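Here are some notes to read beside the model, written for someone who is new to structures of this kind. Please keep the sequence and the 3D view open while going through the points.

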Amino acid sequence: MKKIVLLFVTATTLFACAPTEVKTDIAASATGTVTATGPDVDLIKKSITAFADGDWDTYASTYADTAKSYHNVWPSNTDTTVGVKIPVLIEGFKKQRELMDGKLTMGGTIFEVVTMPDGSKYGHVWVDFTWKNKKGEVGKSVLFDSYGINKDGKISYEWPIYDTKDVAKLGQ
């Protein structure tokens, strides 16, 4: 009986110590990268800085011609009215800036670009914006923005999420 138990323990030990096979094709296809530096991060920094400065030509140059923006809404494949083309968006921003006293100030910025296993890229920015209206009152909004980045190094869409409370006060 001791021999059977010893044989069983030895066999279990051998099987437990055997190297496991790792399928490298599955492991490799399940990885992606995240970075806070590089040309794609520079692209979203350039875009958000141009927005803050009101440099509309530079801002527009960071977007693909077909790019749309989805402010505080869920992008939809069935409702094509929720996305706004960048030139239309810029015209709205210009009118909004007329209600401000100067440029936006950016603080607390975080930038990253995620590259998925299939090569698609998504940029993200977290930023704290402040501004003054014409009455001298300070407005503030924390923004999270997600970007699609195409293979040509342009932004293919943006999806900003932010509190509109102080932005809405500009029109009052």
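1. Helices (H or I, at least four residues) and strands (E, at least two) are DSSP runs, numbered from the N terminus. The model is predicted, so local features need pLDDT of at least 70 and side-chain atom pairs count only at pLDDT 80 or more, while totals for chains, interfaces and linings use all residues. Residues are numbered from 1 along each chain as its sequence is written, and side-chain values use heavy atoms, with hydrogens and water left out.

2. The largest pocket holds about 340 Å³ of space. A pocket here is an open set of points on a 1 Å grid over the protein atoms alone, where a 1.4 Å probe fits, with protein on both sides within 12 Å along at least five of seven lines, and its lining residues have an atom within 4 Å of a point; the volume is the space filled by probe spheres set on the points, which are joined across faces, edges and corners.

3. Lining this pocket are 24 residues, and Phe51, His71, Phe93, Gln96 and Tyr162 lie nearest its centre. Helix 5 gives the most to the lining, with five residues.

4. Glu158, which lies in strand 7, is buried (under 20% relative accessible area, where over 50% is exposed and in between is partly exposed, with a 1.4 Å probe and protein chains only). Glu158 has no salt bridge, and the nearest side chain of opposite charge, Arg97, is 11 Å away; Lys and Arg count as positive and Asp and Glu as negative, without His and the chain ends. A salt bridge requires a side-chain nitrogen of Lys or Arg within 4 Å of a carboxyl oxygen of Asp or Glu.

5. What does the side chain of Glu158 contact instead? It makes a polar contact of 3.3 Å with the side chain of Tyr59, and another of 2.8 Å joins the side chains of Glu158 and Ser69. A polar contact is a pair of N or O atoms within 3.5 Å, of which, within protein, one must be able to donate a hydrogen and the other to accept it, and residues adjacent in sequence count only if both atoms are side-chain atoms.

6. The whole structure has three salt bridges. One of them joins Lys121 and Asp40 at 2.8 Å, N to O; because Lys121 lies in strand 5 and Asp40 in helix 3, the pair ties together parts that are 81 residues apart in sequence.
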